[in-house]
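I am opening my notebook to look through one protein structure step by step. I will write down what I looked up and what I found.

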Amino acid sequence: MEAIDLLVHNAAHVVTCAGPPGLRRGEQMRNVAAVPGGAVAVRAGRVLAVGPEAALRRRYAPAAELDAGGGAVLPGLVDPHTHVVYAGDRVAEFERRIAGATYQEIMAAGGGIASTARATRVADVERLVAETRRRLDQMLRLGTTTAESKTGYGLETAAELRQLEATALLDASHPIDLVPTFLGAHAVPAEYAGRGDDYLELVVKEMLPAAARWYAGSPFAAAGTPLFVDVFCERGAFDVPQSRRVLEAARTHGLPLKAHVDEFSALGGLAMALELGAVSVDHLDVTGPEGIAMLAASETVGVLIPTVPFNLGGAHFADARAMVDAGAAIALTTDINPGSAPCPSLPLAMAIACRYQRLLPTEALLAVTINAAHAVGLGARVGSLEPGKLADLIVLEMADWRYLVYEFGGNPVRSVVKRGQVV
Ligand code: NIG
Ligand code: FE
């Protein structure tokens, strides 16, 4: 008998999400590879084996056991696009929006991202950590075990670095593993109003090199976790040439790319980001057939954000159905942030995607597991329950894992295991 640290047993099914290496597309999105009556053997924080409980009990002597209570076991969820590190809130703007102001009107009037930047600039690292920890706790309870985390509320070098520092401190002290992204080009800060190109000069010449230096000496680099560089390509933020400039500069630092594109307007940022080999392109709410075909022909993941149109009361969602049918690789995210989506729940994002974007439950699940893992550069580490991957898993209350999307507004997650520890 081989000694192991943990045996998760008495599961109705272990939904492994195992499959061919690389991104899942098209028909592959219909198979979540469930093992009935399965159990999971864990050693040193990693999955050692998944299989029928009786077979694992013959081979392994567990030091501890977790009884799944007849519920379904799934991989820990991966949230591939968040703005979770910030100070303050935008409750007052929320109320203004309900009364009729649009997200873009509020942004143009100096609210929106700029208002969170004002609050974040005056917050020290301790406060950023404390305010963000509450949100990460909620995400964890709802099944998220890995999340990307963007800067973009500092919009000046020192404050952007404080956001990165807070991300590293939270990664080290909270069960959720974080993947940092530098998003200095999120908005033009007030002091640069009307001088977007001058701000961009600062981003490219000072902030980005500082972020790259910070990363090189950070625990993320030591752990092989990437630092991404992202840009908000949108009317009122950065146009296509400006966005290209940021992403090309990122490439000279050897950093992988992401881009916010086609959220409110299709400016051409999608084609540009695909040309530059971005790992993901995010939002895509107004992407049409031509863009979908380009995405399908690429190795880039389309990260879709149903929580944003939901939260903004919009009726228009990214055409996820057409994307999957065309063979594009998609992921889903909460985009948790204080303005467009104050939402910690991936199960809710999935539930909206199933209803308004016509994703099947299997497609929604693979979009928050293996494809989301690839969208943050960690496809070999997390996103499925396969030998060698991190033992990140969730146990649901119910035997049928589709309760994750069938019910909504509650929390179907009974237990969360992160790196082999019940958290
Ligand atoms: O992904 N689109 C740009 N950035 C965020 C919104 C951030 C905010 O409103 O503070 C997003 O939706
Ligand atoms: Fe975003």
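The entries below go from the whole chain to single residues.

**Entry 1: the whole protein.** I noted at the start that this is a predicted model. I looked up the secondary structure and found that the protein holds 17 helices and 18 strands. I then checked the radius of gyration, which is 21 Å and close to the 22 Å that the globule rule gives for 423 residues, so the protein is as compact as a globular protein of that length. Along the principal axes, the C-alpha trace spans about 70 × 45 × 40 Å.

Entry 2: I asked what share of the 423 residues is buried, and the value I found is 60%.

**Entry 3: an aromatic pair.** I looked up the aromatic pairs and found 7 of them in the structure. One of them joins Tyr199 and Phe238, whose rings are stacked, with 6.4 Å from centre to centre and 25° between the planes. Where in the chain do Tyr199 and Phe238 lie? Tyr199 belongs to helix H7 (residues 196-216), while Phe238 sits in the loop between strand E11 (228-231) and helix H9 (240-252), so the pair ties together parts that are 39 residues apart in sequence. I checked the accessibility as well, and both Tyr199 and Phe238 are buried. Together with Tyr192, these two residues form one aromatic cluster.

**Entry 4: helix H4 and what covers it.** I went on to helix H4 (residues 113-121), where the buried residues are Ile113, Ser115, Thr116, Ala117 and Thr120. I kept in mind that an α-helix has 3.6 residues a turn, so residues three or four places apart point the same way.

**Entry 5: Ile106.** I picked out Ile106, which is found in helix H3. Its relative accessibility is 2%, and since buried means under 20%, Ile106 counts as buried. Leaving aside the neighbours within four places in sequence, I listed the contacts of Ile106 as Glu93, Arg96, Arg97, Ala101, Gly111 and Gly112. I also looked up the separation of Ile106 from Arg355, which is 249 residues away along the chain, and the C-alpha atoms of the two are separated by 29 Å.

**Entry 6: two positive phi angles.** I reminded myself that most residues other than glycine have a negative phi. His283 is not a glycine, yet its phi is positive, at about 95°. His283 lies in strand E13 (residues 280-283), and with 1% relative accessibility it counts as buried. Arg358 is also a residue other than glycine with a positive phi, in this case near 60°. Is Arg358 buried or exposed? Arg358 is exposed, with a relative accessible area of 59%, and I located it in the loop between helix H14 (346-356) and helix H15 (361-367).

Note on methods
Residues numbered from 1 in each chain as written. Chains lettered and ligands numbered in written order. Predicted model: local features only at pLDDT ≥ 70, side-chain atom pairs only at ≥ 80, totals over all residues. Heavy atoms only, no water. Helix = DSSP H or I, 4+ residues; strand = E, 2+ residues; numbered from the N terminus. Rg over C-alpha atoms; globule rule 2.2 N^0.38 Å. Buried < 20%, exposed > 50% of the residue type's maximum accessible area, 1.4 Å probe, protein only. Phe/Tyr/Trp six-rings, centres within 6.5 Å; stacked < 30°, edge-to-face > 60°. Contact = heavy atoms within 4.5 Å.
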